[in-house]
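The following note comments on the packing of helices and on the sheet.

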Amino acid sequence: MKRSEDRILTTHAGSLVRTPGIIRAMKALDEGKPYDEQTYREDLRNGVADVVQRQAEAGIDVVSDGEYGKRGWSQYVIERFTGLEPERREELRTFMDRGPRDSGFVDFWSRYRKLETVIWLPEPAFGDAVKAGKLGPGLPQTAWVCTGPVTYRGHDAVARDIENFKAALGAADVVEAFMPVVAPCSAEVTRENRYYDSEEDYLSAVATALSEEYRAIVNAGLLLQVDDAHLPMRFSAMAAQGRADEWERWAAMRVDALNAALEGIPSDRVRYHICWGSQNAPHLDDAPLRVVINQVMRVNADAYVIESANPRHEHEWTVWEDVKLPPGKTLIAGVVSHATNIVEHPDLIATRLERFARALGRENVMAGTDCGFSQNWNLIRVHPSVQWAKLEALAQGAEIASRRLWGG
């Protein structure tokens, strides 16, 4: 894994807005409708080639495939695991129970569910459905539950994604490349277990299944990024239930499962990403970084991708003044938000990076984003043009910080 040896390297959290053709096919998949498989494969191949090139042109050093081959950052496991079945629900619960303060915004949440309807989907692909607000993130209202043995069956899908990505990398001038995948915790906690005798057994089965995907990516010569939004976010739910003191044990079990899935994979091939959710929402009940950081740094990874531009967490750069990274580890600091269409000024990005560099050492810091720009095919956080403007600003800010930190 490359480090910021002579300048601040740039990267991001992984997911990028998909193309109209990919979105059209993924919508059909979610609705159980027919689609043209050959056209979909061509759209994926061409889309990945374009998104890799655009990242390079924006000044991103360590690029992803945009997660173009996945319908969602954790949702994709329904296609790659056995043992999961859909269950229609009148109303889906969100992936976490909000704490008492966030739950107090009753009117906000009722309106937010409607406003969060994807407004940036390209109209030529969907016509009046977009204007009428019929493509919200809850489409369809389906929960997935575990009703049988969980094993990995996504070998063809991950091979396709790797092939598309490596072909695209051959034509791009980048420093390194990574593929995001879900952590066992974040795959398990939102899919109810009705088969295994214990949560430990279920978690172990999920981790064993995911380990096959992890190894396929690393064996292909790519960096592996493990996404685990639910590890810190679960703290809020447990605190709301008066069980905050149980979070450490709960999280330790999930980190142990992840490390078991990573067994045999060198830590310098692994990035670990956490965030506090992607919603443009109050976030009053987010877990403090100090609460979760010890479990985060137990993960067998050489880089930690941590949301840091979120206004509820930006002040937490001070945590790194007394919590030190182990030797050889890197903090990929989120210095650009994915949750607002405001494009950060490069000078602000540089200032944020310099704070981390002063606390941790310049070679131990990389510039990143808080989270992905499109966690699911139909959950697009900013307009695509804003997405690219933010990544360009990220590169410009890293250049400014590098001049100040290295001189020249």
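1. Axes are lines fitted to C-alpha atoms, for helices over the stretch in contact, and angles between N-to-C directions run from 0 to 180 degrees. Helices (H or I, at least four residues) and strands (E, at least two) are DSSP runs numbered from the N terminus. The model is a predicted one, in which local features need pLDDT of at least 70 and side-chain atom pairs count only at pLDDT 80 or more, while totals for chains, interfaces and linings use all residues. Residues are numbered from 1 along each chain as its sequence is written, and side-chain values use heavy atoms, with hydrogens and water left out.

2. Helix α8 (residues 155-169) packs with helix α10 (residues 199-219) at an angle of about 25°, their axes being 10 Å apart. The two helices are therefore roughly parallel, a term for angles under 35 degrees, with over 145 counting as roughly antiparallel, 65 to 115 as roughly perpendicular and the rest as oblique. Their crossing is right-handed; a crossing is so named if the near helix is turned clockwise from the far one by less than a right angle, and left-handed if anticlockwise. In the contact (heavy atoms within 4.5 Å), α8 supplies His-155, Val-158 and Ile-162, and α10 supplies Glu-212, Glu-213, Ala-216 and Ile-217. By class, these residues are 4 nonpolar, 1 polar and 2 charged. Here Ala, Val, Leu, Ile, Met, Phe, Trp, Tyr, Cys and Pro count as nonpolar, Asp, Glu, Lys and Arg as charged, and the others, Gly among them, as polar.

3. For helix α11 (residues 230-240) and helix α12 (residues 247-261), the axes come within 10 Å and cross at roughly 155°. This angle makes α11 roughly antiparallel to α12. The crossing is right-handed. From α11, His-230, Leu-231, Pro-232, Arg-234, Phe-235 and Met-238 meet Trp-247, Trp-250, Ala-251, Arg-254 and Val-255 of α12. The contact comprises 8 nonpolar, 1 polar and 2 charged residues.

4. Helix α1 (residues 20-31) and helix α2 (residues 37-58) have axes that come within 9 Å and cross at roughly 135°, which makes α1 oblique to α2. Their crossing is left-handed. Gly-21, Ile-22, Ala-25, Met-26 and Leu-29 of α1 meet Tyr-40, Asp-43 and Leu-44 of α2. This contact divides into 6 nonpolar, 1 polar and 1 charged residue.

5. The open sheet has 7 strands in the order β1-β4-β5-β6-β7-β8-β9, with parallel pairing; two strands pair if DSSP finds at least two bridges between them. Strands β1 (62-63) and β9 (365-369) stand at the edges with a single partner strand each, so one side of each has no neighbour in the sheet. Strand β7 (residues 303-306) is joined to the parallel strand β8 (residues 330-336) by 4 bridges, and Tyr-304 stands opposite Leu-331 in β8. Helix α14 (residues 346-360) packs on the sheet, touching β8 and β9, and its direction makes about 155° with that of β8.

6. What span should helix α15 (residues 384-406) have at 1.5 Å a residue? Its 23 residues should span 33 Å, which agrees with end C-alpha atoms 33 Å apart; the expected span is 1.5 Å times one less than the number of residues. After α15 comes Gly-407, whose phi is positive, near 85°.
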